[in-house]
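Colleague: Could you put the model up on the screen and walk me through it?

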Amino acid sequence: MGPSISLGKYEPDIVPEPWEEYQYRDLYRSYYTQSISMKINGLFHCITALTSLELNKCYTDPVERGDVSTTPRNCYLSVLTIYMDNKGRIIKGEKVNTTFRLKYINGEHILDSSFKIRKELERCVDKNELHNLVIKNKQITFRNGKIYLLKKFHEYIKQASICNRKTYINYTYLKFLKTEMN
């Protein structure tokens, strides 16, 4: 596996998700890019994987109490990954939503072992349709009909597409070289 580079913080995307029903929550977001090896038509290729990572730590205390507990109860980790070939074409996309619970013990947040961790995989529509939806319409459509609107993440996807199409270097390595030179 090649290097993994953080692309920085980004603006919130509007997506109806289960954590939005909580009045109190902490939200953490980031983008990443990685170079990975993927088998396509029997041959291995260097693929750019662009990932949008979002962690929501939700609290269950009602507003009427006047005080807010800092103990996260339900946590949702959403990982959206777009895979792009060296020609700048989006070839695959998927989103994994993980639900888990933390508890506060002795001043630390630890994983609540009594709560079963749940993972849900959502696959994107096929590659030709997906590429056009992402690049032109700034959205991702999943096979279950759910639509994810892109904002800042779209800029990184578009940059990666242009880089992979017009240069002889993978987008992740280009970002890596740029950070090494600074």
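This is a predicted model: local features need pLDDT of at least 70, side-chain atom pairs count only at pLDDT 80 or more; totals for chains, interfaces and linings use all residues.

Colleague: Fine. How many helices and strands are there?

Modeller: The protein chain has three helices and nine strands, where helices (H or I, at least four residues) and strands (E, at least two) are DSSP runs numbered from the N terminus. Along the sequence they follow the pattern β-β-β-β-β-β-β-α-β-β-α-α.

Colleague: And what share of the chain is buried?

Modeller: Of its 182 residues, 42% count as buried, with buried meaning under 20% relative accessible area, exposed over 50% and partly exposed in between (1.4 Å probe, protein chains only).

Colleague: Which strands does strand 5 pair with?

Modeller: Strand 5 (residues 90–105) pairs with strand 4 in the antiparallel sense over eleven bridges, and two strands are said to pair if DSSP finds at least two bridges between them. Strand 5 also runs antiparallel to strand 7 (residues 118–123), with six bridges joining them, and antiparallel to strand 6 (residues 108–111), with four bridges.

Colleague: What happens at the hairpin turns?

Modeller: The hairpin of strand 4 and strand 5 has five residues between the strands, and Gly-88 there takes a positive phi near 85°. In the hairpin of strand 5 and strand 6, which has two residues between the strands, Asn-106 has a positive phi near 50°.

Colleague: Changing topic, which residues have the most contacts inside the largest nonpolar core?

Modeller: They are Ile-140, Leu-150, Phe-153 and Ile-157, in a core of 21 residues. A nonpolar core here is a set of buried Ala, Val, Leu, Ile, Met, Phe, Trp, Tyr and Cys residues joined through side-chain atoms within 4.5 Å.

Colleague: Where do those core residues come from?

Modeller: Strand 4 (74–84), helix 1 (127–137) and helix 2 (152–166) each supply at least two residues of this core, and the largest share, five residues, comes from helix 2. A second, separate core of six residues includes Ile-36, Met-38, Ile-47 and Tyr-83.

Colleague: What does Ile-157 touch?

Modeller: Leaving out residues up to four places away in sequence, Ile-157 touches Leu-50, Ile-82, Met-84, Ile-90, Val-134, Ile-135 and Leu-150, a contact being heavy atoms within 4.5 Å.

Colleague: Is Gln-139 buried or exposed?

Modeller: Gln-139, which lies in strand 8 (residues 139–141), is buried, with a relative accessible area of 19%. Its contacts, apart from neighbours within four places in sequence, are with Leu-133, Val-134, Ile-147, Tyr-148, Leu-149 and Leu-150.

Colleague: Now the largest pocket: which residues line it?

Modeller: Its lining consists of Ile-40, Asn-41, His-45, Cys-46, Ile-47, Asp-85, Asn-86, Lys-87, Ile-91 and Lys-127. Three of them, the largest share, come from strand 3 (residues 43–59). A pocket is found on a 1 Å grid over the protein atoms alone, as an open set of points where a 1.4 Å probe fits, with protein on both sides within 12 Å along at least five of seven lines, and lining residues have an atom within 4 Å of a point.

Colleague: Where is Lys-138?

Modeller: Lys-138 sits in the loop between helix 1 and strand 8, and it has a positive phi of about 55° although it is not a glycine. Lys-138 is partly exposed, with a relative accessible area of 43%.

Methods
Residues are numbered from 1 along each chain as its sequence is written. Side-chain values use heavy atoms; hydrogens and water are left out.
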